[in-house]
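This briefing covers one protein model, taken topic by topic. Please keep the sequence and the coordinates at hand while reading.

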Amino acid sequence: MTSDETPSQQSQPVEQSEVFGPIDPGALREIRDLIMEQEPLAETASLDDPLNPQTLSVELSDGVGAASTARIDIRWSLTENYAVHYTDDRNQNFRFDCHPKPDAPRRHFHPPPDAPSRPVEESCIAVSETGLVTRAILQRWRYAYTNETFEGINDAENPP
């Protein structure tokens, strides 16, 4: 954590903080920089609050299939929990998450079209480092984008 980063635990509800952990601003900035470097369809990647960020939002200039725009919202905690939520203008959603969840694997996937809370699937992403998880997310997004379908988005073997 650098001197301009502020732990965000004070602004989160106690229950959320205990389960997910305080947000890691340094990780969000690392993810932002990596996405802007690696993903040509990323138009912007911005933090909701530069001093006390909770979410990184990436605006994409195109979406999967018939979608014309999309956004990926990312949260990453100091305890290495994360939540990555894709949504587009066709109301298609999916999430790759890693956090404790009763009756679910720690690393889990909320499938499209609506990314339900339950049931979830075990995530294909087995890596845990910030940069590797980001690359895996981008790979799975690119897979869906290139094939114009969400079919098989969680079928990879340990991307990237």
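Is N158 buried, partly exposed or exposed, judged by its relative accessible area? N158 is partly exposed, with a relative accessible area of 41%; buried means under 20% relative accessible area, exposed over 50%, and partly exposed in between (1.4 Å probe, protein chains only). The model is predicted, so local features need pLDDT of at least 70 and side-chain atom pairs count only at pLDDT 80 or more, whereas totals for chains, interfaces and linings use all residues. Residues are numbered from 1 along each chain as its sequence is written, and side-chain values use heavy atoms, with hydrogens and water left out.

**Sheet**

- Seven strands make an open sheet with antiparallel pairing, in the order β1-β2-β3-β4-β5-β6-β7. Strands (E, at least two residues) and helices (H or I, at least four) are DSSP runs, numbered from the N terminus; two strands pair if DSSP finds at least two bridges between them.
- β1 (42-47) and β7 (121-122) stand at the edges with a single partner strand each, so one side of each has no neighbour in the sheet.
- β4 and β5 run antiparallel and are joined by six bridges. One of the bridge pairs sets V84 against F96 in β5.
- β4 and β5 form a hairpin with four residues between them. In its turn, N91 has a positive phi of about 60 degrees.
- β5 (residues 93-98) pairs with β6 (residues 107-110) in the antiparallel sense over four bridges. D97 has H108 in β6 as its bridge partner, and R95 stands opposite H110 in β6.
- Five of the six residues of β5 are buried, so this strand is largely enclosed by the rest of the structure.

**Helices on the sheet**

- α3 lies across β2, β3, β4 (82-88) and β5. The direction of α3 is at about 25 degrees to β4, where axes are lines fitted to C-alpha atoms, for helices over the stretch in contact, and angles run from 0 to 180 degrees between N-to-C directions.

**Cavity**

- How many cavities of 30 Å³ or more does the structure hold? There is one. A cavity is a set of points, on a 1 Å grid over the protein atoms alone, where a 1.4 Å probe fits but cannot get out, and lining residues have an atom within 4 Å of a point.
- The largest cavity holds about 50 Å³ of space. Grid points are joined across faces, edges and corners, and the volume is the space filled by probe spheres set on the points.
- Its lining consists of I31, I35, I74, W76, V84, V133, T134, I137 and L138.
- α2 (25-38), β3 (70-76) and α3 (130-147) each supply at least two residues of this lining. The largest share, four residues, comes from α3.
- By residue class, the lining has eight nonpolar residues, one polar and no charged. Here Ala, Val, Leu, Ile, Met, Phe, Trp, Tyr, Cys and Pro count as nonpolar, Asp, Glu, Lys and Arg as charged, and the others, Gly among them, as polar.

**R106 and its surroundings**

- R106 is in the loop between β5 and β6. With 39% relative accessibility, R106 counts as partly exposed.
- Which residues does R106 contact, leaving aside its neighbours within four places in sequence? They are T79, E80, N81, D97, C98, H99 and P100, where contact means heavy atoms within 4.5 Å.
- R106 and N81 are 25 residues apart along the chain, and their C-alpha atoms are separated by 9.0 Å.

- The peptide bond from P112 to P113 is cis, with omega near 15 degrees; P113 belongs to the loop between β6 and β7.
- The peptide bond from R118 to P119 is also cis, with omega near -5 degrees, and P119 is found in the loop between β6 and β7.
- A115 has phi near 45 degrees, a positive value in a residue other than glycine. A115 is in the loop between β6 and β7 and counts as buried at 6% relative accessibility.

**Segment after α3**

- N158 is found in the segment after α3. Phi of N158 is near 45 degrees, which is positive in a residue other than glycine.

Key:
On a 1 Å grid over the protein atoms alone, a cavity is a set of points where a 1.4 Å probe fits but cannot get out, and a pocket is an open set with protein on both sides within 12 Å along at least five of seven lines; lining residues have an atom within 4 Å of a point.
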